[in-house]
Amino acid sequence: MVTYHVETDRAAGILVGVGLEGRLENLLISYLADWEDLRERVFAENRPLGTLSAKIDLVFALGLLSAEHRKVLDSLRRIRNHCAHEPKARFTDAPIRDLAANAFAPWAADSPQPSNGPMSSLSLPRYQVLVSAFIMFMLLEIWAIKVGSEQKRVVLPNFTVEQLKERLDFGSV
(Lines give C-alpha, C1' and ligand atoms only; values in the text may rest on other atoms or scores of the structure.)
Protein backbone atom coordinates (compact mmCIF):
# COMPACT_ATOMS: atom_id res chain seq x y z
CA MET A 1 0.00 0.00 0.00
CA VAL A 2 1.33 3.41 -0.97
CA THR A 3 1.52 5.88 1.90
CA TYR A 4 1.04 9.11 -0.02
CA HIS A 5 1.08 11.30 3.09
CA VAL A 6 4.72 10.41 3.94
CA GLU A 7 6.18 10.68 0.43
CA THR A 8 7.88 13.84 -0.80
CA ASP A 9 5.54 16.26 -2.57
CA ARG A 10 7.07 15.34 -5.90
CA ALA A 11 6.71 11.59 -5.32
CA ALA A 12 3.14 11.96 -4.04
CA GLY A 13 2.16 13.99 -7.12
CA ILE A 14 3.61 11.39 -9.46
CA LEU A 15 2.05 8.49 -7.54
CA VAL A 16 -1.37 10.16 -7.64
CA GLY A 17 -1.08 10.30 -11.43
CA VAL A 18 -0.02 6.64 -11.63
CA GLY A 19 -2.96 5.62 -9.45
CA LEU A 20 -5.44 7.58 -11.56
CA GLU A 21 -4.04 6.25 -14.80
CA GLY A 22 -4.39 2.64 -13.69
CA ARG A 23 -7.96 3.16 -12.51
CA LEU A 24 -8.98 4.95 -15.71
CA GLU A 25 -7.45 2.13 -17.75
CA ASN A 26 -9.40 -0.45 -15.74
CA LEU A 27 -12.61 1.52 -16.28
CA LEU A 28 -12.01 1.67 -20.03
CA ILE A 29 -11.16 -2.03 -20.19
CA SER A 30 -14.38 -2.84 -18.36
CA TYR A 31 -16.29 -0.76 -20.92
CA LEU A 32 -14.60 -1.67 -24.19
CA ALA A 33 -15.08 -4.83 -26.23
CA ASP A 34 -13.35 -7.93 -24.94
CA TRP A 35 -10.10 -8.05 -26.90
CA GLU A 36 -7.24 -10.39 -26.08
CA ASP A 37 -4.34 -7.96 -26.45
CA LEU A 38 -6.25 -4.73 -25.70
CA ARG A 39 -3.75 -3.48 -23.11
CA GLU A 40 -0.74 -3.92 -25.39
CA ARG A 41 -2.34 -2.55 -28.53
CA VAL A 42 -4.27 0.38 -27.08
CA PHE A 43 -2.88 1.37 -23.68
CA ALA A 44 0.88 0.86 -24.08
CA GLU A 45 3.24 3.81 -24.43
CA ASN A 46 2.98 5.51 -27.85
CA ARG A 47 -0.39 3.85 -28.46
CA PRO A 48 -3.78 5.65 -28.82
CA LEU A 49 -4.53 5.58 -25.06
CA GLY A 50 -0.96 5.59 -23.81
CA THR A 51 -1.29 8.87 -21.90
CA LEU A 52 -3.28 9.92 -18.87
CA SER A 53 -4.73 12.82 -20.87
CA ALA A 54 -6.02 10.49 -23.62
CA LYS A 55 -7.64 8.21 -21.04
CA ILE A 56 -9.38 11.15 -19.33
CA ASP A 57 -10.60 12.49 -22.67
CA LEU A 58 -11.98 9.13 -23.82
CA VAL A 59 -13.72 8.36 -20.53
CA PHE A 60 -15.37 11.79 -20.77
CA ALA A 61 -16.23 11.38 -24.47
CA LEU A 62 -17.91 8.04 -23.74
CA GLY A 63 -20.09 9.72 -21.12
CA LEU A 64 -18.50 7.78 -18.25
CA LEU A 65 -17.30 10.93 -16.50
CA SER A 66 -18.99 14.20 -15.62
CA ALA A 67 -17.53 17.54 -16.69
CA GLU A 68 -16.83 18.35 -13.03
CA HIS A 69 -14.92 15.10 -12.49
CA ARG A 70 -13.05 15.67 -15.74
CA LYS A 71 -11.83 19.03 -14.37
CA VAL A 72 -10.68 17.33 -11.16
CA LEU A 73 -8.80 14.67 -13.10
CA ASP A 74 -7.26 17.26 -15.41
CA SER A 75 -6.02 19.29 -12.42
CA LEU A 76 -4.53 16.14 -10.86
CA ARG A 77 -2.96 15.23 -14.22
CA ARG A 78 -1.37 18.66 -14.48
CA ILE A 79 -0.03 18.30 -10.92
CA ARG A 80 1.47 14.93 -11.89
CA ASN A 81 3.08 16.45 -14.98
CA HIS A 82 4.54 19.35 -13.00
CA CYS A 83 5.94 16.95 -10.39
CA ALA A 84 7.40 14.70 -13.09
CA HIS A 85 9.25 17.56 -14.80
CA GLU A 86 10.19 19.77 -11.84
CA PRO A 87 12.74 18.14 -9.49
CA LYS A 88 11.99 20.58 -6.66
CA ALA A 89 8.19 20.49 -6.99
CA ARG A 90 6.32 21.40 -3.80
CA PHE A 91 2.56 21.45 -3.26
CA THR A 92 2.75 24.88 -1.63
CA ASP A 93 4.26 26.49 -4.74
CA ALA A 94 2.34 27.81 -7.74
CA PRO A 95 1.03 26.27 -9.97
CA ILE A 96 0.43 23.16 -7.83
CA ARG A 97 -1.23 25.18 -5.05
CA ASP A 98 -3.81 26.57 -7.50
CA LEU A 99 -4.34 23.22 -9.23
CA ALA A 100 -4.85 21.57 -5.83
CA ALA A 101 -7.58 24.09 -4.99
CA ASN A 102 -9.24 23.41 -8.37
CA ALA A 103 -9.12 19.65 -7.83
CA PHE A 104 -10.57 19.99 -4.34
CA ALA A 105 -13.32 22.50 -5.21
CA PRO A 106 -16.18 19.94 -5.56
CA TRP A 107 -15.58 18.68 -2.02
CA ALA A 108 -14.36 21.83 -0.27
CA ALA A 109 -17.57 22.55 1.65
CA ASP A 110 -17.83 19.01 3.02
CA SER A 111 -14.17 18.30 3.80
CA PRO A 112 -12.46 20.59 6.30
CA GLN A 113 -8.80 19.83 6.97
CA PRO A 114 -8.55 17.37 9.89
CA SER A 115 -7.22 18.68 13.17
CA ASN A 116 -5.71 15.36 14.24
CA GLY A 117 -4.58 12.09 12.70
CA PRO A 118 -1.87 11.25 10.15
CA MET A 119 -2.98 13.89 7.64
CA SER A 120 -3.26 16.80 10.10
CA SER A 121 0.36 17.86 9.57
CA LEU A 122 -0.02 18.20 5.81
CA SER A 123 -0.09 21.53 4.03
CA LEU A 124 -3.53 22.52 2.77
CA PRO A 125 -2.60 22.00 -0.94
CA ARG A 126 -1.18 18.53 -0.20
CA TYR A 127 -4.29 17.62 1.78
CA GLN A 128 -6.48 18.87 -1.08
CA VAL A 129 -4.60 16.80 -3.67
CA LEU A 130 -4.69 13.62 -1.59
CA VAL A 131 -8.37 13.89 -0.66
CA SER A 132 -9.32 14.67 -4.28
CA ALA A 133 -7.23 11.77 -5.56
CA PHE A 134 -8.66 9.28 -3.05
CA ILE A 135 -12.24 10.33 -3.87
CA MET A 136 -11.54 9.91 -7.58
CA PHE A 137 -9.80 6.55 -6.94
CA MET A 138 -12.96 5.30 -5.20
CA LEU A 139 -15.34 6.72 -7.82
CA LEU A 140 -13.35 5.18 -10.68
CA GLU A 141 -13.12 1.80 -8.93
CA ILE A 142 -16.86 1.74 -8.22
CA TRP A 143 -17.69 2.90 -11.74
CA ALA A 144 -15.44 0.20 -13.28
CA ILE A 145 -17.25 -2.47 -11.25
CA LYS A 146 -20.65 -1.13 -12.29
CA VAL A 147 -19.73 -0.82 -15.97
CA GLY A 148 -18.03 -4.23 -15.92
CA SER A 149 -21.12 -5.88 -14.43
CA GLU A 150 -23.26 -4.67 -17.31
CA GLN A 151 -23.20 -6.41 -20.67
CA LYS A 152 -19.75 -6.30 -22.21
CA ARG A 153 -19.40 -4.71 -25.63
CA VAL A 154 -19.05 -7.41 -28.25
CA VAL A 155 -16.87 -7.48 -31.32
CA LEU A 156 -18.87 -7.97 -34.51
CA PRO A 157 -18.20 -11.33 -36.12
CA ASN A 158 -16.36 -11.45 -39.42
CA PHE A 159 -18.76 -11.54 -42.37
CA THR A 160 -18.06 -11.78 -46.06
CA VAL A 161 -19.68 -9.20 -48.32
CA GLU A 162 -22.15 -11.85 -49.50
CA GLN A 163 -23.12 -12.75 -45.91
CA LEU A 164 -23.66 -9.07 -45.12
CA LYS A 165 -25.88 -8.64 -48.19
CA GLU A 166 -27.95 -11.65 -47.11
CA ARG A 167 -28.29 -10.42 -43.53
CA LEU A 168 -29.17 -6.90 -44.57
CA ASP A 169 -31.40 -8.10 -47.42
CA PHE A 170 -29.76 -5.96 -50.10
CA GLY A 171 -30.29 -8.64 -52.69
CA SER A 172 -28.10 -8.06 -55.71
CA VAL A 173 -26.37 -4.72 -55.48
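Predicted model: local features only at pLDDT ≥ 70, side-chain atom pairs only at ≥ 80, totals over all residues.
Close-up 1. Arg-23 lies over the face of the Phe-137 ring, 4.0 Å from its centre. Phe-134, in contrast, comes out as partly exposed, at 30% relative accessibility. The structure holds 2 aromatic pairs. In the one formed by Phe-134 and Phe-137, the ring centres are 5.9 Å apart and the planes sit at 65°, so call it edge-to-face, since anything over 60 counts as such. Both residues belong to helix α6, 3 residues apart, which puts about one helical turn between them.

**Close-up 2. Leu-76 in the largest nonpolar core.** This core has 44 residues, and the ones touching the most other members are Val-16, Leu-20, Leu-73, Leu-76, Ile-79 and Met-136. Two or more residues come from each of α1, α2, α3, α4, α5 (96–104) and α6 (124–149), with α6 giving the most, 11 residues. Zoom in on Leu-76: skipping neighbours within four places in sequence, its contacts are Val-16, Leu-20, Ala-103, Val-129, Ser-132, Ala-133 and Met-136.

**Close-up 3. Helix α3 and what it packs against.** Helix α3 spans residues 52–61, and its buried residues are Leu-52, Ala-54, Lys-55, Ile-56 and Val-59. Those buried residues pack against α1 (9–31), α2 (38–43) and α4 (67–85). After α3 comes Gly-63, with a positive phi near 80°.

Close-up 4. Going from Ala-94 to Pro-95, the peptide bond is cis, with omega near 5°. You'll find Pro-95 in the loop between α4 and α5. For background, most peptide bonds are trans.

Technical notes
Residues numbered from 1 in each chain as written. Heavy atoms only, no water. Buried < 20%, exposed > 50% of the residue type's maximum accessible area, 1.4 Å probe, protein only. Helix = DSSP H or I, 4+ residues; strand = E, 2+ residues; numbered from the N terminus. Contact = heavy atoms within 4.5 Å. Core = buried A, V, L, I, M, F, W, Y, C linked by side-chain atoms within 4.5 Å. Phe/Tyr/Trp six-rings, centres within 6.5 Å; stacked < 30°, edge-to-face > 60°. Lys NZ or Arg CZ within 6 Å of the ring centre and 35° of its normal.
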